[in-house]
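My notes follow in the order I took them.

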Amino acid sequence: MIERDVRGIPLWLIREYMEELGGVVRDEHHVEGDGWRAELEQIEDFQIGSLKVGQVMVRLYGDDLDAINAQLDDKLIRAGG
């Protein structure tokens with residue numbers, strides 16, 4: 001299992017990313033792909049001072065998680081300043 005918290009990207013968008021990686025949405029919080037499945041959970045906002053950023057806990061289960069995790073990393077790269 002790989003567990004990671006993702007900040008600043010809403011749950012619906014992470015779910016969409018998982019679909020783009022070949023997953024099928026089972027419900028709001030579960031996506032299943034070939035040899036993997038993901039659980040998505042909205043968790044408490046990350047806060048520094050008065051700044052709050054939404055967080056989603058992503059739990060990946062399956063056999064070859066390194067590949068799907070690396071593909072997810074590519075989706076999560078955000079440009080900005």
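**Entry 1: the two helices**

I began with the helix pair: the axes of α1 and α2 come within 10 Å and cross at roughly 130°. That angle makes α1 oblique to α2. My scale: under 35 degrees is roughly parallel, over 145 roughly antiparallel, 65 to 115 roughly perpendicular, and the rest oblique. Axes are lines fitted to C-alpha atoms, for helices over the stretch in contact, with angles from 0 to 180 degrees between N-to-C directions. The crossing of α1 and α2 is right-handed.

I listed the residues that make the contact: Tyr17, Met18 and Glu20 from α1, with Leu72, Lys75 and Leu76 from α2. Contact means heavy atoms within 4.5 Å.

**Entry 2: ground rules**

I noted that this is a predicted model, where local features need pLDDT of at least 70 and side-chain atom pairs count only at pLDDT 80 or more, while totals for chains, interfaces and linings use all residues. Residues are numbered from 1 along each chain as its sequence is written, and side-chain values use heavy atoms, with hydrogens and water left out. Helices (H or I, at least four residues) and strands (E, at least two) are DSSP runs, numbered from the N terminus.

**Entry 3: the sheet**

In what order do the strands lie in the sheet? I read β1-β5-β4-β3-β2, five strands in an open sheet with antiparallel pairing. Two strands pair if DSSP finds at least two bridges between them. β1 (2–7) and β2 (24–27) are at the edges with a single partner strand each, so one side of each has no neighbour in the sheet. From one strand to the next, the twist averages 30°.

Next I checked what packs on the sheet. Helix α1 (residues 11–20) does, touching β1, β2, β3, β4 (36–48) and β5 (51–62). The direction of α1 makes about 150° with that of β4. Helix α2 (residues 65–76) packs on the sheet too, touching β1, β4 and β5. The direction of α2 makes about 5° with that of β1.

**Entry 4: strand pairs and turns**

I then walked through the pairs. β2 and β3 (residues 30–33) run antiparallel and are joined by three bridges. Val24 stands opposite Glu32 in β3, and Asp27 has His30 as its bridge partner. The hairpin from β2 to β3 goes through two residues.

β3 and β4 pair antiparallel over four bridges. Here His30 faces Glu39 in β4. Their hairpin has two residues between the strands, and Gly35 in the turn has a positive phi of about 85°.

How many bridges pair β4 with β5? I found 11, again in the antiparallel sense. Glu39 stands opposite Arg59 in β5. The hairpin of β4 and β5 has two residues between the strands, and Gly49 takes a positive phi near 60° there. I logged one more glycine: just after α1, Gly22 has a positive phi of about 105°.

**Entry 5: burial in α1**

Which residues of α1 are buried? They are Leu11, Leu13, Ile14, Arg15, Tyr17 and Met18. Buried means under 20% relative accessible area, exposed over 50%, partly exposed in between (1.4 Å probe, protein chains only). The cover over these residues includes β1, β2, β3, β4, β5 and α2.

Asn69 lies in helix α2. Is Asn69 buried or exposed? Asn69 has a relative accessible area of 16%, so I marked it buried. Its side chain makes a polar contact of 2.6 Å with that of Arg4. A polar contact is a pair of N or O atoms within 3.5 Å; within protein, one must be able to donate a hydrogen and the other to accept it, and residues adjacent in sequence count only if both atoms are side-chain atoms. Leaving aside neighbours within four places in sequence, Asn69 contacts Ile2, Arg4 and Leu60.

Gln71 is also in α2. At 35% relative accessibility, Gln71 counts as partly exposed. I looked up its C-alpha separation from Leu21, 50 residues apart along the chain, and got 7.3 Å.

Leu76 of α2 is buried, with a relative accessible area of 13%. Not counting residues up to four places away in sequence, Leu76 touches Arg4, Val6, Ile9 and Tyr17.

Technical notes:
Left-handed = near helix turned anticlockwise from the far one by under 90°.
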